[in-house]
Amino acid sequence: MKLTRNFYIRSGLVVARELIGKKLVSCSEEGITAGIIIETEAYMGAEDAASHSYKNRRTARTESMFSEGGHLYVYLIYGMYLCANVVANVRDIPEAVLIRALQPTDGIELMQNRRQKKSLKDLCSGPGKLTQALGISKKDYDLDLCDDKIFIEETNLKPTIITTKRINIDYSGEAADYPWRFLMQN
DNA sequence: GACATGATGCTCT
DNA sequence: GAGCATCATGTCT
């Protein structure tokens, strides 16, 4: 069962927590790749100094965060890696959830080809890695997760969730200490 | 394993 | 022109 719009039209914190244990699916000409989401971070728009949309900063790059919940915000980081985020909340509330790690389930061989035959553990164990493994590119910027190319499915998992501080946002002052990172316990 | 470092390009001031 | 929501690789143990 694909998640519908209602799932995404909620606070980024709720969406980030509930995405843990769900299945992210990417369809391409090469085949289907998918994995269970095991790590996310919430970025809470205007109020969050770590967010690209802090103080409602709205530019060509951040525009997708202002879309209706359920869109895909893709951006380039450190000149070489892409990060994939799920936009949350209603239009003009710029919240998003960074997908930080997956547990590969489908299309593992295709992921290995895209990632040049890394071990299963290294295929999707970071935000820059999973975009490569799933074949996500800048063309997928602002793509709608309610369509059929990239989407998220319900599972029957009942994960135990751990909450910690977010990663690599030391520049953001006290926002760096907010417990807005969610992990599935092994 | 734990750390340090370099690669690299786009965005915003 | 600075800085960035990262990763792979190297060195040292």
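A polar contact is a pair of N or O atoms within 3.5 Å; within protein, one atom must be able to donate a hydrogen and the other to accept it, and residues adjacent in sequence count only if both atoms are side-chain atoms. The model is predicted, so to speak of local features requires pLDDT of at least 70, side-chain atom pairs count only at pLDDT 80 or more, and totals for chains, interfaces and linings use all residues. Residues are numbered from 1 along each chain as its sequence is written, chains are lettered from A and ligands numbered from 1 in the order in which they are written, and side-chain values use heavy atoms, with hydrogens and water left out.DNA strand B is surrounded by Thr59, Arg61, Leu76, Tyr78, Gly79 and Met80. A residue is near a molecule or strand if one of its heavy atoms lies within 4 Å of it. Of the atoms of DNA strand B that come within 4 Å of the protein, 59% belong to sugar and phosphate. Gly79 also makes a backbone contact: one of its polar backbone atoms is 3.2 Å from a sugar or linking oxygen of DNA strand B. The surface near DNA strand B has three nonpolar, two polar and one charged residues. In this classification, Ala, Val, Leu, Ile, Met, Phe, Trp, Tyr, Cys and Pro are nonpolar, Asp, Glu, Lys and Arg are charged, and the others, Gly among them, are polar.

DNA strand C is surrounded by 19 residues, and the closest are Tyr75, Tyr78, Asn85, Asn168 and Tyr171. Sugar and phosphate make up 61% of the atoms of DNA strand C that come within 4 Å of the protein. The side chain of Asn85 places an N or O atom 2.5 Å from a base nitrogen of DNA strand C. A polar side-chain atom of Tyr78 is 3.4 Å from one phosphate oxygen, and a polar backbone atom of Lys129 is 3.3 Å from a phosphate oxygen. Elements that give two or more residues to this surface are E3, E4, strand E5 (95–106) and H4. H4 gives the most, with three residues. Helices (H or I, at least four residues) and strands (E, at least two) are DSSP runs, numbered from the N terminus. By class, the surface near DNA strand C has ten nonpolar, five polar and four charged residues.

Tyr78 lies in the loop between strand E3 (71–77) and strand E4 (81–88). Its relative accessibility is 65%, which counts as exposed. Buried means under 20% relative accessible area, exposed over 50%, and partly exposed in between (1.4 Å probe, protein chains only). Most residues other than glycine have a negative phi. Tyr78 has a positive phi of about 55 degrees, although it is not a glycine. Asp142 also has a positive phi, near 65 degrees, and is a residue other than glycine. Asp142 is found in the loop between helix H4 (127–134) and strand E6 (143–144). With a relative accessible area of 28%, Asp142 is partly exposed.

Strand E9 (residues 181–184) pairs with two strands. Two strands pair if DSSP finds at least two bridges between them. Strand E2 (residues 31–44) and E9 pair in the antiparallel sense over three bridges. Glu39 has Leu183 as its bridge partner in E9. Strand E8 (residues 161–164) is joined to E9 by four bridges, and these strands run antiparallel. Here the bridge partner of Thr163 in E9 is Phe182. Arg181 and Leu183 point one way from E9, Phe182 and Met184 point the other way, and all are buried.

Side chains of opposite charge can pair when their charged atoms come close. A salt bridge is a side-chain nitrogen of Lys or Arg within 4 Å of a carboxyl oxygen of Asp or Glu. The whole structure holds 15 salt bridges. One of them joins Lys2 to Asp148, at 2.5 Å from N to O. Lys2 lies in the segment before helix H1 (5–8) and Asp148 in the loop between E6 and strand E7 (150–153), so the pair ties together parts that are 146 residues apart in sequence. Lys2 is partly exposed at 28% relative accessibility, and Asp148 is exposed at 56%. Arg114 forms a salt bridge with Glu30, with the closest N and O atoms 2.9 Å apart. Arg114 lies in helix H3 (residues 108–114) and Glu30 in the loop between strand E1 (23–28) and E2, so this pair ties together parts that are 84 residues apart in sequence. Arg114 is buried at 19% relative accessibility, whereas Glu30 is exposed at 58%. Asp140 and Lys149 form another salt bridge, with their closest N and O atoms 2.7 Å apart. Asp140 is buried at 2%, and Lys149 is partly exposed at 36%. Glu39, Glu41, Arg100 and Arg181 are linked in a network of salt bridges.
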